[in-house]
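Here's a quick, friendly walk through one structure. Have a look at it first, and then we'll go through two spots worth a visit.

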Amino acid sequence: MDSISITQPDDWHLHLRDDDYMRAVLAHSAQRFARAVIMPNLKPPVTTVEAAQGYRDRILAALPAGSSFEPLMTLYLTDNMRPAHIRAARASGFVHAVKYYPAGATTNSDSGVTDITRCFDTLEAVADAGMPLLIHGEVTDPSVDVFDRERVFIERTLGMLVQRLSHLRIVLEHITTAEAVAFVRSAPDNVAATITAHHLLLNRNAIFQGGVRPHHYCLPVLKRETHRQALLGAAISGSPKFFLGTDSAPHARHTKENDCGCAGMYTAHAGIELYAEAFDQAGALNRLEGFASHHGADFYRLPRNPRRITLRRRPWPVPQDFAYGEHRLVPLRAGGEIGWSID
Ligand code: DOR
Ligand code: ZN
């Protein structure tokens, strides 16, 4: 197959940042995806409906003329969030989910949840509102090996949450392990997962290819090949529990090429094309549409997109970097080639 036409996809996990940085990256996503779930880990985090509204307005104002891209806003769960905040979020009509970062797990997660058992009344309200809870599933316990943090989160926290809040819809975000795939598969239908293109295409060798590669550092960190194979198997399985979430996470070049470099890969410049590569390599392009364009919309209870897009097997060169406010941004595959193009 040298070309494929699919329903226009959505990105169910995207970091856009704000202001000049947001304006630098937004068009890449808007050219490809009809909608995206916008992560709330700004500084300060998006914890109120008012903050989400202001952020949404800035995104809409920055869209290229004629774009109908729809940002689906999220609220950042904190220890202090109350059920009334959740009800206000639901009533807004533009907040579509609540994001749970364990405090300290990743970029701008300092205000995250310190003890999820203290949030149960708020999580009940999330469930009653019919909104998904989006989970960054890694423990922050420094004694746990960084490559085991997702597996241990599933053992220590996620199993308990799923049992205790059986009517809460949960998306385990950017899964990276065979254990996460197995957990989600065997969980009830209210539990789903997003998978990034970089975790489908790369294993942890990419972090150390001939030297340390800061642009291949993200969280959860890339895992060994057996885990990549398990993720690919889930993505191409046709199961409605698995869907596209790029986790495209822009950071200025100097903050990644640094003695304490930031976590995150920028993939929005090829947000759907990279998935086409991964599905093509697996001989499963026929499963791309479900994963990229149907399963997420169905899980979020939103209509599937009316438009279609066409992807072609036509390589294109990736720039070394992009303008990013006053800085530069290094995309995945910088200076290399991507095998699929979008018409
Ligand atoms: O690599 C990551 N970057 N993982 C995250 O969870 C956050 C993200 C970011 O915001 O930079
Ligand atoms: Zn993310």
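Predicted model: local features only at pLDDT ≥ 70, side-chain atom pairs only at ≥ 80, totals over all residues.

On the H1 side, the residues making the contact are Asp 19, Met 22, Arg 23 and Leu 26. Their partners on H2 are Arg 58, Ile 59 and Ala 62. Sort the contact of H1 with H2 by class and you get four nonpolar residues, three charged ones and no polar ones.

How do you describe a pair like this? Two packed helices are described by the angle between their axes and by how far apart those axes are. Here, H1 covers residues 19–30 and H2 covers residues 49–62. Their axes come within 10 Å and cross at roughly 45°, so H1 and H2 count as oblique to each other.

## A zinc ion and its donors

Now for the metal. Which residues coordinate the zinc ion (ligand 2)? They are His 13 and His 15, each through NE2, plus Asp 247 through OD, at 2.0 to 2.1 Å. Along the sequence, the donor residues follow the spacing H-x1-H-x231-D.

That site ties together distant parts of the chain: His 13 and Asp 247 are 234 residues apart. His 13 lies in strand S2 (residues 11–14), while Asp 247 belongs to the loop between strand S9 (242–244) and helix H9 (253–256).

## Buried or exposed?

Are His 13 and Asp 247 buried or exposed? His 13 has 1% relative accessibility, so it counts as buried. Asp 247 has a relative accessible area of 7%, and therefore it is buried too; the cut-off for buried is under 20%.

Technical notes:
Residues numbered from 1 in each chain as written. Chains lettered and ligands numbered in written order. Heavy atoms only, no water. Axes fitted to C-alpha atoms, helices over the stretch in contact; angles between N-to-C directions. Helix = DSSP H or I, 4+ residues; strand = E, 2+ residues; numbered from the N terminus. Parallel < 35°, antiparallel > 145°, perpendicular 65-115°, else oblique. Contact = heavy atoms within 4.5 Å. Nonpolar A, V, L, I, M, F, W, Y, C, P; charged D, E, K, R; others polar. Donors = N, O, S within 2.8 Å, 3.2 Å for Na, K, Ca; no water. Buried < 20%, exposed > 50% of the residue type's maximum accessible area, 1.4 Å probe, protein only.
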